[in-house]
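Hi,

Here is the structure I promised to pass on. Have a look at it first, and then read my notes below.

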Amino acid sequence: MSEIEGSPVIGRPFGIYIHVPFCSVRCGYCDFNTYTAAELGEGATRASYADTAVREIERAASVVGRRPVETVFFGGGTPTQLPAADLVRLLGEVDDRIGLTPDAEVTTEANPDSVGPEVLSVLREGGFNRISFGVQSAVPHVLATLERTHDPANVERAVRWAREAGFDQVSVDLIYGTPGESVADWRTSVEHALSLAPNHISAYALIVEQGTAFARKVTRGEIVMPDDDETADKYLLADDLFTAAGLGWYELSNWAVDEAARCRHNELYWTGGQWWGVGPGAHSYLDRRRWWNVKHPAAYAQRLSTGQSPEADGEVIDDATAHVERVMLETRLRSGLDLTGIDQVRVDATVARGLATVEDHHLVLTREGRLLADAVIRDLLD
Ligand SMILES: C[S@@+](CC[C@H](N)C(=O)[O-])C[C@H]1O[C@@H](n2cnc3c(N)ncnc32)[C@H](O)[C@@H]1O
Ligand code: SF4
């Protein structure tokens, strides 16, 4: 990794997000900014994507200068739809032009059926040190409802290959609350995930995103979402099993074996860090300004190839907005909400209801509070 030179604008941790907007098929529930080859048409291809993204990295470098990049996160879409050499090249551009810290966390998301041993070795040797697999479930009928293309055997192989390639930071994503998923099914998925011995797990309640094929099926009554009590039971079951296996929660939907296994990139988002998001639709946050890029890969490529900024729009985050965002994000963390500037009466009411405790001037959700986090946040902000 290159040596980091001093930067005039440090202060807060800085990361880079690189969005890769490609998937081999679209899962019915997903509304991420991602495209299959058929959806993409002309104007933006996987083959030309790295050249385009390099142009944005050059623009980023011209704005931020050299400053220590503590985390790089390749997300999607499916980053591993690009050749591994392209991902390594993009990481190298970030290092050469902006500068990675010697212990930078470099993550890629991956679908279990989109990587083989060769790809994983190229990524590991190219500087990636963390991999996050989208596993979602280990139960075939749940995977089918989610329209996933992999099966539990793919997952075991992919994780084994990742370890053999030298990844010791392995995370898995799970989804609970899929229609038709019983509590026993969910237990099977959690136990399967734990059998892979990841050092990090994210477990998300399935969100019905408007405009997706999945939402249309729910509207037509073809599939029925579980009730909130069952979803809460699944959260608690997962938390019990993860905790018993040595993974503690550090954010509502995230568990890790120890502090070093936490996703530092996401922590940067949650704790007021700054980042540059490269890629179509990517968001950035720097010096109190948030902006986001044009969404379609063809429009994004067209802007950059003609020397224009890919930015679609932006906003300055004023003090009031920054406060709301801090409450929303910090309340979800095990480290809790710093109580500076928070109304004491509301804090006392939350504690009296058994939804949180106060530790070292921070409000920390109890287990009950974690189930009602959105309501707690609303009460703190009202
Ligand atoms: C960009 S995807 C992960 C990488 C990869 N494309 C994959 O799916 O395996 C990020 C994660 O978001 C979660 N996710 C996507 N859509 C969701 C939804 N509607 N509700 C809950 N979680 C969702 C999934 O767990 C997924 O693994
Ligand atoms: S969940 Fe992952 S694989 Fe499925 S469409 Fe979304 S980004 Fe692509």
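Let's start with Tyr29, which sits in the loop between β1 (14-20) and α1 (37-40). Helices (H or I, at least four residues) and strands (E, at least two) are DSSP runs, numbered from the N terminus. Before going on, some housekeeping: this is a predicted model, where local features need pLDDT of at least 70 and side-chain atom pairs count only at pLDDT 80 or more, while totals for chains, interfaces and linings use all residues. Residues are numbered from 1 along each chain as its sequence is written, chains are lettered from A and ligands numbered from 1 in the order in which they are written, and side-chain values use heavy atoms, with hydrogens and water left out.

Back to Tyr29: is it buried or exposed? Tyr29 is buried, at a relative accessible area of 10% (buried means under 20%, exposed over 50%, partly exposed in between, with a 1.4 Å probe and protein chains only). Leaving aside neighbours within four places in sequence, Tyr29 has contacts (heavy atoms within 4.5 Å) with residues including Gln136, Leu146, Ile175 and Phe214. Ala213 is 184 residues away along the chain, yet its C-alpha atom is 6.7 Å from that of Tyr29. The side chain of Tyr29 also makes a polar contact with the side chain of Arg148, at 3.1 Å. That term means a pair of N or O atoms within 3.5 Å; within protein, one must be able to donate a hydrogen and the other to accept it, and residues adjacent in sequence count only if both atoms are side-chain atoms.

Arg148 leads us to the ligand. A polar side-chain atom of Arg148 lies 2.8 Å from an oxygen atom of ligand 1. The protein covers 93% of the 560 Å² of accessible area that ligand 1 has on its own (Shrake-Rupley method, 1.4 Å probe; for residues, only the protein chains shown count as cover). A backbone N or O atom of Gly77 is 2.9 Å from a nitrogen atom of ligand 1, and for a polar side-chain atom of Thr78 the distance to a nitrogen atom of the ligand is 3.4 Å.

Last stop, the strands. β10 (residues 283-286) and β11 (residues 289-293) pair in the antiparallel sense over four bridges (pairing takes at least two DSSP bridges). They form a hairpin with two residues between them, and Asp287 in the turn has a positive phi of about 45 degrees. Ser284 stands opposite Trp291 in β11. On β12 (residues 311-316), β11 pairs in the antiparallel sense over five bridges, with Asn293 opposite Glu311.

Cheers
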